[in-house]
Amino acid sequence: MEIIHIILGKAHTNKMNGVNKVVNSLAIHQTELGHKVTIWGITKNPVHNYAERVYATRLFKKHHDFLIPAGMVDVINELEPGVVFHFHGGFIPVFFLISQELTKKGFEYLFTPHGSYNQVAMKRNFWKKRLFIFLFENQLVSNAKSVHFIGESEIEGAQKLFSLSNFCLIPNGQETRSIFIPRINATDKLVVGFCGRLDIKTKGLDLLFKGFAKYVENTRKTDAELWIIGDGPEAIVLKKLAQDLGIQAQVKFLGSIYNEEKMEVIKQLDFMMLTSRNEGLPGVVLEAASIGVPSIVSKETNMKSYVNTYNAGLVLEQNTPDFISESLNKANQIKAQSNIRQLKIGAYKMVVDAFNWKSIANRLVMEYA
């Protein structure tokens, strides 16, 4: 089977772009399954400045949101029948235009909105998005062979927006190490961390900081640390918030780090923290779990059932500073009582069983057929 994934960007793995990372992994595993896979990247800078890949990459220069990149239609016209396309990302005007061209030529496509229709995400620019749905997105969805969701909250949101005739729920995957030995951090202090783009509202970083401050105040655990991996314009706001809450000495801003360096830092955490108000499926929780680091997550991350089933961490009853503080206290007790080893084993098993990339890549291929 010939598969073409269409994205904004170049499927870089060393940037804070979860969709690009997911598509890169999906393309690798579909190639390993024996399929001919190409990523079409729409970018303002169509220069092939990335590491060697096992799949093909074709870059098209972005000129305008509402214009198909120059040359793409000609390439589509040259394709043999039977090629399957896969769009990644919601509310992208050019995807609607390309999908119209594909439908006209008789090509089928799968569409993954990657969390765009989550009810919390829809609150941002609500009326603008509803107009976009009426004019464009509704046709993109209705013409798709299947709409692929990665989290349950997406389906709930999408069903309120569209008349879905065919859809599937398949999570993203995660690579694992072939040998796993649970690492127990020697220090007595609780070290937790966040990794991702510093989007305060979406990622619930204000809730995390206030919850961490409450934990420190209530337990007098002044040696506890919160590590922040990532960067962005809102880093300044977060540093000010840490000062206002009196936790600036315990919050470590590490900036953007990638690949093995990032994993070495995550390995030193007792728990990964993700108190998001809205997520599709958080790759950072899976990355942490793949090396045996359990997580404390909000229900809004769509990870509740997985974390509870595999005993891979803690799930907040409510995403509030009080419940975050309470979960940190419980996490500290788990570590003090030497029970964290079981959570580490559960986290790794969760990735191996539920997020195996080879299996997930094959399930999506079956959706193309």
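**Exercise 1.** Which helices each supply at least two residues of the lining of the second largest pocket?

*Solution.* The model is predicted: local features need pLDDT of at least 70, side-chain atom pairs count only at pLDDT 80 or more, and totals for chains, interfaces and linings use all residues. Residues are numbered from 1 along each chain as its sequence is written, and side-chain values use heavy atoms, without hydrogens and water.

Step 1. Helix 4 (119-122), helix 6 (152-159) and helix 12 (304-310) each supply at least two lining residues; helices here are DSSP runs (H or I, at least four residues) numbered from the N terminus.

Step 2. The lining comprises 19 residues, and Glu152, Ser153, Glu156, Lys299 and Asn302 lie nearest the centre of the pocket. A pocket is an open set of points on a 1 Å grid over the protein atoms alone, with protein on both sides within 12 Å along at least five of seven lines; lining residues have an atom within 4 Å of a point.

Step 3. The second largest pocket has a volume of about 340 Å³, a volume being the space filled by probe spheres set on the points.

**Exercise 2.** Determine how helix 3 and helix 5 are oriented to each other.

*Solution.* Step 1. The axes (lines fitted to C-alpha atoms over the stretch in contact, with angles from 0 to 180 degrees between N-to-C directions) of helix 3 (residues 93-105) and helix 5 (residues 126-142) come within 9 Å and cross at roughly 45°.

Step 1. Helix 3 and helix 5 are therefore oblique to each other, as angles under 35 degrees count as roughly parallel, over 145 as roughly antiparallel, 65 to 115 as roughly perpendicular and the rest as oblique.

How values were computed
On a 1 Å grid over the protein atoms alone, a cavity is a set of points where a 1.4 Å probe fits but cannot get out, and a pocket is an open set with protein on both sides within 12 Å along at least five of seven lines; lining residues have an atom within 4 Å of a point.
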